[in-house]
Amino acid sequence: MNFPKVISLKSISLIRKLVSSASGRLSFKMVRFFQNPYEDFKPGTVLTINKEEICDHINEHVQIITKRLQPSRKNVDGGLYVGISGIAYMFYNLSKNLLLSDSKREYLEKALDYLKPALVTSAGDKTSFLLGDAGTYALATVLMKELGDEQYKEILKMYKSLYPQYLNPKFLKCGGDELFVGRAGYLAGALWLSRELQTSIFSNEELFKICDVMVASGRDYSTKHNSPCPLMYHYYNTEYLGAAHGVSFILQMVLSVPGYLEYNKTAAAAIKATIDYLVTLQTDEGNWPCCMEEVGLSDHKLVHWCHGASGTIYLMAKAYLVLNDQNYYNACIKAGEMVWHKGLLRKGPGICHGVAGNGYVFLLLYRLTGEEKYLYRAKMFADFMYTEEFLRDARLPDNPESLYEGTAGTVCYLSDLLVSDKAEFPFQDVFSN
């Protein structure tokens, strides 16, 4: 499977039209998501997070994952996204949960077991963070350091040795700035490493250089293609707006580099103007188009982390915290309403385009606002994944045990629900400086 290349949204739109004309009464809305069966939070509601029940679900998932997806070389492909490196990340996530501390050592050792085959067999491009080896190097560094293995220093050198390639303006023809294979992914890994290791991985100057390249890339593309905003990017010739391949994740990572906006005032102005433009694209319902090709259409159906409100909200939250613009906060609240009403996805339990990924929206909003209703909503989304309706009618993901498409991501979500004040979508922490 060629993971980084996705079907173009122009093709998806054409497919929709063909199917719609063939059966005029067919409603895509009904097949994309389950109707939300829950009453919303009411003031005075006593909210209880049942740790024992959640831990039972976690243990059940872990048993199935370890049985069905073995730590072997044949399962390396797909990296963190759908390969065994993602299972290693799941175990690392569990090891950090203070409520599960009795099993910390076991989780760390299992994480390393799953990562070892990926350290001797390439997942693909070394420079790809989610789909290739860069993400594996980042995770291995943290795991080995946590386990007291001094080899982590050599693995960290391997991660850092990739840095010069991202400074090449022609790094990737398919689009070298996004998360999966581009600069934003590498930057996300560098920032994550610094947080987990509690030390600087790159100097400010090095981080600023990669940000400068990303901003220049966005400006050049925008100019050449007459984009309505100062910074725009493409991935396989599609101008995505969401988190997986689009401008929202790219700008979130640039905003996450401490001091960059003060260092480069011109870039700061372009970044803010681009975010302001994205705000204008949010629909009254709270969603965003998947890509620039869909701007102007009346209905945007994808409420996913990868495409739509569930991923774009992370940029808006980070922009609010950094730039203190109320419009960004308001955009987050609107996005949350969209996800509450249309986020119980039939595509499965995963975090890329599933219920757990949409549940993470409420954990983000709980930390952003402090309002208990968002923790309630997060709990309801977790509960729904174990209802008869979901278990019977939800679709089986292509990679059902994986981190982004499958239940390994669900495990991370359930674990974070137990420690909601520290919850964060993988590699996308909004609240760190």
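The model is predicted, so local features need pLDDT of at least 70 and side-chain atom pairs count only at pLDDT 80 or more, while totals for chains, interfaces and linings use all residues. Residues are numbered from 1 along each chain as its sequence is written, and side-chain values use heavy atoms, with hydrogens and water left out. The protein chain has 20 helices and zero strands. The structure holds 20 salt bridges.

**Overall build**

- Helices (H or I, at least four residues) and strands (E, at least two) are DSSP runs, numbered from the N terminus.
- The C-alpha atoms fill a box of roughly 60 × 55 × 45 Å, taken along the principal axes.
- Of the 433 residues, 59% count as buried. Buried means under 20% relative accessible area, exposed over 50%, and partly exposed in between (1.4 Å probe, protein chains only).
- Take the contacts in the chain with a separation of 6 or more: residues 24 or more positions apart account for 70% of them. A contact means heavy atoms within 4.5 Å.

**Salt bridges**

- A salt bridge is a side-chain nitrogen of Lys or Arg within 4 Å of a carboxyl oxygen of Asp or Glu.
- Glu 150 pairs with Lys 153 in a salt bridge, with the closest N and O atoms 2.9 Å apart. Glu 150 is partly exposed at 48% relative accessibility. Lys 153 is partly exposed too, at 41%.
- Asp 429 forms a salt bridge with Arg 195, and here the closest N and O atoms are 3.9 Å apart. Asp 429 lies in the segment after helix 20 (407-418) and Arg 195 in helix 10 (residues 183-197), so the pair ties together parts that are 234 residues apart in sequence. Asp 429 is buried, at 9% relative accessible area.
- Asp 299 bridges to Lys 301, the closest N and O atoms being 3.5 Å apart. Asp 299 is partly exposed at 22%, and Lys 301 is partly exposed at 24%.
- Salt bridges that share partners also join Asp 40, Glu 337 and Arg 377 into one network.

**A buried Asp without a salt bridge**

- Asp 416 lies in helix 20.
- Asp 416 is buried yet has no salt bridge; Lys 96, the nearest side chain of opposite charge, is 7.4 Å away. For charge, Lys and Arg count as positive and Asp and Glu as negative; His and the chain ends are not counted.
- Leaving aside neighbours within four places in sequence, Asp 416 is in contact with residues including Asn 93, Tyr 360 and Leu 363.
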